[in-house]
Amino acid sequence: MSLYFQKQLRLPSYHQGYHLITDQIEKTIPEIREIRIGFLQVFIQHTSAGLCINENADPTVRKDFQTFVNELIPESYPRFVHNYEGADDMPAHIKSAFFGTSVQVPISSGKLALGIWQGIYLCEFRRDGGSRNLVLTAFGAP
């Protein structure tokens, strides 16, 4: 027998940067406690933001992510044609493709099996991205 749970999480608007959202995810889908072994998939329904798993303790890691990625994919790149929604729009699409729109985390004994220093980030690439929608799908054996 397998269990399947799916919930929607609407995140508030965040400023451009990398934001830990692990706690919000766990609060939205407490049913993971019913799963002995399985997975949680987190999917973001947007093309200008992304998700990743990384350092959850030192906020300077998130600042360094932002600095490096903004230098790697700058808003000032002169060959971007898609700029109808502002200078940060096309770079946001590329960053979203670079990071990805989903993460999958193992569930072990009813808990997310993240490492001790790991957390799930919302990677907000727009200056005014607005609220973001996530689909959380937990599945596994009871």
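## Reading the fold, its sheet and its cores

Tutor: From the N terminus on, the elements of this protein run β-β-α-β-β-α-α-β-β-β-β, where helices (H or I, at least four residues) and strands (E, at least two) are DSSP runs numbered from the N terminus. The model is a predicted one, in which local features need pLDDT of at least 70 and side-chain atom pairs count only at pLDDT 80 or more, whereas totals for chains, interfaces and linings use all residues. Residues are numbered from 1 along each chain as its sequence is written, and side-chain values use heavy atoms, with hydrogens and water left out.

Student: How many helices and strands are there in the protein, and what percentage of its residues count as buried?

Tutor: The protein has 3 helices and 8 strands. Buried means under 20% relative accessible area, exposed over 50%, and partly exposed in between, with a 1.4 Å probe and protein chains only; by that criterion 44% of the 142 residues count as buried.

Student: What radius of gyration does the protein have, and what would a compact globule have?

Tutor: The radius of gyration is taken over C-alpha atoms, and the globule rule is 2.2 Å times the number of residues to the power 0.38. For 142 residues a compact globule would have a value near 14 Å, and the 16 Å of the protein agrees with this. Taken along the principal axes, the box that the C-alpha atoms fill is roughly 55 × 30 × 20 Å.

Student: In what order do the strands of the open sheet lie, and which are its edge strands?

Tutor: Two strands pair if DSSP finds at least two bridges between them. The open sheet here has 5 strands in the order S1-S8-S3-S5-S6, with antiparallel pairing. Its edge strands, each of which pairs on one side only, are S1 and strand S6 (111-112). S3 and S8 pair in the antiparallel sense over 8 bridges, with Gly140 in S8 as the bridge partner of Gly38. S3 and S5 likewise pair in the antiparallel sense, over 7 bridges; Val103 in S5 is the bridge partner of Val42, and Phe39 stands opposite Pro106 in S5.

Student: Which residues have the most contacts inside the largest nonpolar core?

Tutor: In soluble globular proteins, nonpolar side chains tend to be buried together. A nonpolar core is defined as a set of buried Ala, Val, Leu, Ile, Met, Phe, Trp, Tyr and Cys residues joined through side-chain atoms within 4.5 Å. The largest one has 25 residues, and those with the most contacts inside it are Ile21, Ile25, Leu40, Val42 and Leu134. Two or more residues come from each of strand S1 (3-11), strand S3 (37-44), S4, strand S5 (102-108), S7 and strand S8 (132-141), and S1 gives the most, with 4 residues. Apart from this core lies another, of 9 residues, among them Phe65, Val69, Ala92 and Phe99.

Student: Which residues of helix H3 are buried, and which are exposed on the other side?

Tutor: An α-helix has 3.6 residues a turn, so residues three or four places apart point the same way. In H3 (residues 89-99) the buried residues are Asp89, Pro91, Ala92, Lys95, Ser96 and Phe99. They cover an arc of only 155° around the axis (from the directions from the helix axis to the C-beta atoms), which puts them on the same side of H3. On the other side, Ala97 and Phe98 are exposed. The cover over the buried residues of H3 includes strand S2 (17-20), strand S4 (49-55), helix H2 (59-72) and strand S7 (118-124). After H3 comes Gly100, whose phi is positive, near 105°.

Student: Where does Cys123 lie, and is it buried or exposed?

Tutor: Cys123 lies in strand S7 and is buried, with a relative accessible area of 0%. Contact means heavy atoms within 4.5 Å; leaving aside neighbours within four places in sequence, Cys123 is in contact with Gly17, Tyr18, Ala49, Gly50, Leu51, Cys52 and Phe99.
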